[in-house]
Amino acid sequence: MLDLSRFPRVALIDAPTPIQPLDGLSRHFGDALNGVRLFVKRDDLGPVGGGGNKLRKLEFLLGQARADGADTVITVGALQSNHARLTAAAAARCGFRCELFLTRSVPRDDADYTGNGNRLLHALFGARVHLLPGDADSLAAAKARAGELESEGRRVAVFPSGGSSPLGCLGYAACAAEILDQSAAMGLDFAQVVTANGSSGTHAGLVAGFAALGHDPRLAKSYTVLAPLEDARRITFEKAEATADLLGVSIPEDAIVIDGDHRRDGYGIPTEGMLEAVRLMATTEGLLLDPVYSGKAFAGLLADVRAGAYRPGDAVLFLMTGGVPGLFAYRGVFASA
Ligand SMILES: Cc1ncc(COP(=O)(O)O)c(C=O)c1O
């Protein structure tokens with residue numbers, strides 16, 4: 001059992017989130033899946049802000065902010081950040097003011113990207129938004145703003161990109177425990193738990209959680225969509241180690257299983273594989289992946305299954321991490337492809 005009771009927490013998800021088989025996709029592929037059984041864990045089904053993986057991290061981040069007496073939270077992200085959206089929504093729900101520092105890190109300035117999707121929702125959830133150029137140090141700007149607000153008497157909590165501090169990563173250590181409980185109840189022994197890797201906290205938290213529960217942390221595998229492979233491996237290891245430290249365990253050097261083949265031209269740049277994955281999940285399952293994270297990760301999983309990376313009968317769990325509003329920022333890409 002993973003005892004996280006000493007960490008302050010607010011309730012933002014209805015755990016456990018369901019695990020479901022991908023029957024429609026399996027019917028579509030037939031023998032091409034080599035007998036591999038695919039499942040999804042519905043972390044996209046959160047009850048706040050449209051749902052998504054950031055809610056698990058925000059349970060701990062906002063719990064600590066509340067315990068510290070904060071009245072304002074500030075975070076950073078890309079212009080279409082899902083993390084910024086969910087921070088704004090959860091802050092609204094929990095009674096914090098929220099400010100967002102968003103960088104133009106994807107080379108697009110069309111109206112869908114700059115005004116629709118998550119950008120529309122950041123404003124709707126009442127956050128004050130500061131826009132920065134792509135190469136700006138948004139965390140430094142956020143900290144400077146926090147200093148300014150504190151000099152006016154406010155108490156401010158600053159969350160890093162993706163909410164992936166060790167405390168935030170605990171949300172995915174809790175998810176690791178949830179997955180092990182659910183798989184035991186379902187009589188399944190997952191060969192792999194698969195996720196997208198952006199700020200690395202989801203993967204890092206899973207690794208720390210599996211290690212703390214005596215399981216092989218290599219059960220978790222991610223596809224990087226942001227940092228190049230070796231940077232992503234190093235960052236994920238550092239975050240997993242820091243999170244494991246909070247849990248009083250250590251992780252082995254080779255704990256991080258990560259793939260760099262599906263990031264392609266970089267963060268937020270569409271790929272053929274992503275387009276195929278998003279369409280397939282929509283048309284065979286009625287489920288929505290997102291164009292920046294889960295679409296590329298699911299494309300990676302499909303490529304691995306097709307390449308025979310799993311044995312017949314293996315059960316593989318894909319984490320649905322949300323990000324649906326991002327689809328509206330990529331309307332033109334789907335319309336023209
Ligand atoms: C929809 C979605 N999926 C996956 C991720 C990746 O999670 P992490 O940043 O913890 O690596 C993100 C992060 O921004 C996201 O918004």
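Reader: Hi! How far apart are the closest N and O atoms in the salt bridge that D43 forms with R56?

Author: In this predicted model, those atoms of D43 and R56 are 2.7 Å apart.

Reader: Okay, and which domains does the protein chain have?

Author: The assignment gives domain 1, made of 19-51 + 165-336, and domain 2, which covers 54-163.

Reader: How many salt bridges are there between domain 1 and domain 2?

Author: The count is three.

Reader: Which helices supply the side of domain 1 that touches domain 2?

Author: α7 (166-186), α8 (201-212), α12 (326-329) and α13 (331-336) each bring at least two residues to that side. The largest share is from α7, with eight residues.

Reader: Switching to area: what gets buried between the two domains?

Author: About 2,300 Å² is buried between domain 1 and domain 2, and carbon and sulfur atoms give 59% of that.

Reader: Last one: what separates the domain centres, and how many residues does each domain put into the contact?

Author: Taken over C-alpha atoms, the centres of domain 1 and domain 2 are 24 Å apart. The contact takes 32 residues from domain 1 and 29 residues from domain 2.

Note on methods: Residues numbered from 1 in each chain as written. Predicted model: local features only at pLDDT ≥ 70, side-chain atom pairs only at ≥ 80, totals over all residues. Heavy atoms only, no water. Domains from an automatic or database assignment. Contact = heavy atoms within 4.5 Å. Buried area = accessible area lost by both parts, 1.4 Å probe. Salt bridge = Lys/Arg side-chain N within 4 Å of Asp/Glu carboxyl O. Helix = DSSP H or I, 4+ residues; strand = E, 2+ residues; numbered from the N terminus.
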